[in-house]
Amino acid sequence: MKSPLLNELINILFNYYNQLIRLLLIIAISVFYISETQATDYYFSSSTGDDNRSAVQAQNSSTPWRSIEKLNSFASQLRAGDRILFKSGDIFYGSILISRGGNSGNPISYTSYGVGAKPVITSLVKVTNWASKGNGTYEALLSNMDGGKVQIVTINNQLREVGRYPNAGSKNEGYLTISSVNNSLSIQGENMPANFVGGDIVIRKNNWITDRHEISYNAGNTISFLSNPETGYSPQAGFGYFIQNHINTLDQFGEWAYSKSNKRIYGYFGGQDPNFLNVEVATREYLIKTNKYIQNLTFNNLNLRGANADIFNIQNSANVQILNCDLVFAGQNAIYSHTTPDLTVKGNSINYSLSGGLFFQFTTQRAIIEDNTINNTMPFQGMSNSSDLKGVGIYIAGNADNSSIARNKIINTGFNGIHFGGNYTVIKNNLIDNFCLHKHDGAGIYTNSDGITWGNNLGREVIGNIVLRGVGAVEGTTMKDNLAEGIYMDDNTDGVKILGNTISEISGKGLYLHNAKNIVVQNNTFYKMPIQLHSGDDLTGGSVRNINVTGNHFSKIFAEEIPYSISS
């Protein structure tokens, strides 16, 4: 039988043991938490860096790493709160592959350090091995390519259009005319002056579709071509086409073509030797690409230049911020995203995107697109992607609920300035100037139902925007009248307030309500256009219903101007 004193001693020791275990657990958890949340800075400099340095050394700005290759090899070891810092004024070559994200409120950041110009991340490389083929044409081997496609070529930092026949700016804006259609992959047109097999035919298939196909046969006035999985549209007699991306199209300085079969680029330089020019070619599809399911990233104060597809390609991720960056020379889109809610794009300068500025496809709820300048989207007729929604400055899909597009400047756009969708989306205080340059039946600000009958119809507002100079492009179509609208509520649009906008110098209609319902139009100003406000319905959608038009300011500058019209 144990004595009371022994029992008390055992109880005391047992309590001390329990307290010790608790203390050790608290210490272990604390150490784990600190190790997981302790943020680390990693420095990169292409001018003073060395990839042989240790990770500890790279945490000091005086002993940075050098390359994007090193960053990609280390990326899986990054933790929440870490920062990747690129030295200001330096140029870094390659594509950043994002494999880790941060935590809520504690993102992994990619930004700059030091004083000077924003650090440049690029895939542009100088072509130095040009050989003459005679008559002003040169060729060079491109061995460091991915994706099998070239979209971006610059000469002395000026973007150059791919070679084409007929040249842009010639008769009918360079479009030949389809006389008849043999089938969906063969047309009769005008006699061809050369063999263009392996090049592209660019076909304007309707007012808003310009498709690209690889030519498989041409002789006389017959051209046959391969199918393009991007598009389901077929050619139509009376519409236009031209040829591009073939050595036999090259006849103007700076025109070029790329042969994916032999990885050679061809250029026309007249009497100049391109080996003494700064000719650069993009060699990577993307500059920044995320793996799936990456969250909590920030990109700030970077200069990203030259990708044959997208500068940013973000898919199946969330909570990404792109702030105060320069995005220049995108072969497709400056930023492409799908299934990425809570994507913020603020304060960026975006210039020369060949297919789209910002293209947010599918499930991009709560997108914030504010205070950006987007210039020269789809600057060329034939270099965008095929099918619908190409040549748009800002596109967010029909399920992009609760999104904000505000205070952006969108200037010189091939098709629509802004194409938006989503419940409770607000389009506010944007400037859209000079749009529908290469397509029409579009608008400065455009929406439709996007095929969504169960949503995309609540709480949407278009407020305080300035929409100027809708041009329209009839060349290559059977139309005679330009169809660039200021603000366009297209098929089955539902539930939009259009308040306090200024619309001026539009070739079509200032505000077009087409098969739309439940629309409020108040306190807008219309100036100098053929038809200022038109509402109408046809067989492509439902009837116009419940339109409230009050307090708007109309003008009559020339005799044929119509302030308000209705058709059914």
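Trainee: Which element gives the largest share of the lining of the largest pocket?

Mentor: That is β20, with four residues. Strands here are DSSP runs of E, at least two residues long, and helices are runs of H or I of at least four, numbered from the N terminus. β20 spans 256–259, and β17 (209–219) also gives two or more residues to that lining. Bear in mind that this is a predicted model, where local features need pLDDT of at least 70, side-chain atom pairs count only at pLDDT 80 or more, and totals for chains, interfaces and linings use all residues. Residues are numbered from 1 along each chain as its sequence is written, and side-chain values use heavy atoms, leaving out hydrogens and water.

Trainee: Okay, and how many residues line the largest pocket?

Mentor: There are 35, and K149, D200, E214, N245 and K260 lie nearest its centre. A pocket is an open set of points on a 1 Å grid over the protein atoms alone, with protein on both sides within 12 Å along at least five of seven lines; lining residues have an atom within 4 Å of a point.

Trainee: What classes are in the lining of the largest pocket?

Mentor: It has 12 nonpolar, 16 polar and seven charged residues. Here Ala, Val, Leu, Ile, Met, Phe, Trp, Tyr, Cys and Pro count as nonpolar, Asp, Glu, Lys and Arg as charged, and the others, Gly among them, as polar.

Trainee: Switching topic: which residues touch the most other members in the largest nonpolar core?

Mentor: Those are F86, Y110, L304, F312 and I498, out of 77 residues in that core. Strand β35 (residues 392–396) provides the largest share of this core, four residues. A nonpolar core joins buried Ala, Val, Leu, Ile, Met, Phe, Trp, Tyr and Cys residues through side-chain atoms within 4.5 Å. Buried means under 20% relative accessible area, exposed over 50%, and partly exposed in between, using a 1.4 Å probe and protein chains only.

Trainee: What is F312 in contact with?

Mentor: Leaving aside neighbours within four places in sequence, F312 is in contact with I288, F299, L304, I322, L327, A334, I335 and Y336. Contact means heavy atoms within 4.5 Å.

Trainee: And the cysteines, is C325 buried or exposed?

Mentor: C325 counts as buried because its relative accessibility is 0%. C436 is buried too, with a relative accessible area of 0%.

Conventions. 1 Å grid on protein atoms, 1.4 Å probe; cavity = no way out; pocket = protein on both sides within 12 Å on 5 of 7 lines; lining within 4 Å.
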